[in-house]
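Me: Please take me through the fold of the chain shown below, one question at a time.

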Amino acid sequence: MDIKKEILRLKEERNAIIVAHLYQDGEIQDIADMVGDSFELSRYCAATDKDVIVFCGVHFMAESAKILSPQKTVLLPALDAGCPMANMANAEDLKKLKAKYPEAAVVCYVNTTAAVKAECDICCTSSIAVKVVRSLPNKQILFLPDRNLGQYIAKQVPEKEFIFWPGFCPTHNALTTMHVEEARTAYPNAVLAIHPEAPPEVVDMADFVGSTKQIIDFCTQSDKQEFIIGTEEGILHQLKLKNPEKKFYMLKYRFICPNMKKTTMELLYESLRDMKHEITLDEETIRKASLSLERMLKVK
Ligand code: SF4
């Protein structure tokens, strides 16, 4: 069986689209209708007129697609592809914290469960986090779950007071200043681009800080020829496709999110064949969580 052909055939039969996060394996990215970061994929899924969205990413991303398109069927090929950072925040603890800071606007990174989004005022992705926070009238910002991204935003918006949730991405949080020192020594002519989920002391050493999409745009538009990349290595696929003449080095050996790598061509095929694993959410959660996601999508 030619699995690629079968996936494309089933996609037509199901009137489906396949979307893939930039951290997915190259062959998954190649077969997807849309490859992007969380923000681009949220927008794309919200606008599609197809009946089925097959989300090659992690659980919270497929949930976001369902929240924005509740009438559509959203499938997650690898059911156990979770996000440890998203799982570090829960709605019950958030309710308690909200009661402690009633004046604060609650801003949640999209890397949260639907139940947590339902308790937030507005969502953000790393690409528009600063804009989202600046758009709010509140002086106090309760930011969750990524303390590293929160601290990065706080530096750009010093006029606000931040309360940080103690969450982090295990993949990005493993970066150290030693990785930067070693990479700078090994590749003295390279420009260092880092994702803001990295620890603040590492982010401070970067030449450029941005989301996956912003890192790709930066490297593509730059007239420099060599780059050290401080985010999950799935991003190399698009970087190399767009910039075949440039050189890219990873900041850390085996810079991998194990959950993002759970999607395989076999699971994608089975997902379309058997319509699994469908994301379901109750109406009230969808209603409340959609407010915070839709507010984010309106931020220019
Ligand atoms: S890279 Fe980090 S934040 Fe992204 S899905 Fe993996 S664990 Fe979650």
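**Fold, domains and local geometry**

The secondary structure of the chain comes to 15 helices and 12 strands, where helices (H or I, at least four residues) and strands (E, at least two) are DSSP runs numbered from the N terminus. This is a predicted model, in which local features need pLDDT of at least 70, side-chain atom pairs count only at pLDDT 80 or more, and totals for chains, interfaces and linings use all residues. Residues are numbered from 1 along each chain as its sequence is written.

Me: What radius of gyration does the chain have?
Reply: The radius is taken over C-alpha atoms, and the globule rule is 2.2 Å times the number of residues to the power 0.38. For 300 residues a compact globule would come near 19 Å, which agrees with the value for the chain: 19 Å.

Me: How far apart are the centres of domain 1 and domain 2?
Reply: The domain assignment, with bounds from an automatic or database source, gives domain 1 (3-83 + 260-280), domain 2 (86-170 + 289-298) and domain 3 (171-250). Taken over C-alpha atoms, the separation of the centres of domain 1 and domain 2 is 26 Å.

Me: Which helices each supply at least two residues of the side of domain 1 that touches domain 2?
Reply: Residues are in contact if their C-beta atoms, placed from the backbone, lie within 7 Å. The contact takes 13 residues from domain 1 and 14 residues from domain 2. On the side of domain 1, the helices in question are H3 (38-47) and H4 (59-68).

Me: Which residues are the closest to the ligand?
Reply: A residue is near a molecule if its C-beta atom, placed from the backbone, lies within 6 Å of it. The ligand is surrounded by 13 residues, and the closest are Cys83, Met85, Cys169, Thr171 and Cys257.

Me: Is alanine 89 buried or exposed?
Reply: A residue is buried if 20 or more other C-beta atoms, placed from the backbone, lie within 10 Å of its own, exposed if 12 or fewer, and partly exposed in between. Alanine 89 is found in the loop between strand E4 (73-75) and helix H5 (91-100). Because 24 other C-beta atoms lie within 10 Å, alanine 89 is buried.

Me: Where does proline 145 lie?
Reply: Proline 145 is one of the residues that alanine 89 touches, not counting those up to four places away in sequence. The peptide bond from leucine 144 to proline 145 is cis, with omega near -10°. Proline 145 lies in the loop between strand E7 (140-144) and helix H8 (147-156).

Me: What is omega for the peptide bond that joins lysine 276 and histidine 277?
Reply: Histidine 277 is placed in the loop between helix H14 (265-274) and helix H15 (283-298). The bond from lysine 276 to histidine 277 is cis, and omega is about -5°.

Me: Is arginine 254 buried or exposed?
Reply: Arginine 254 is in the loop between strand E12 (247-250) and H14. Phi of arginine 254 is near 50°, a positive value in a residue other than glycine. Because arginine 254 has 6 C-beta neighbours inside 10 Å, this residue counts as exposed.

Terms used. Contact = placed C-beta atoms within 7 Å.
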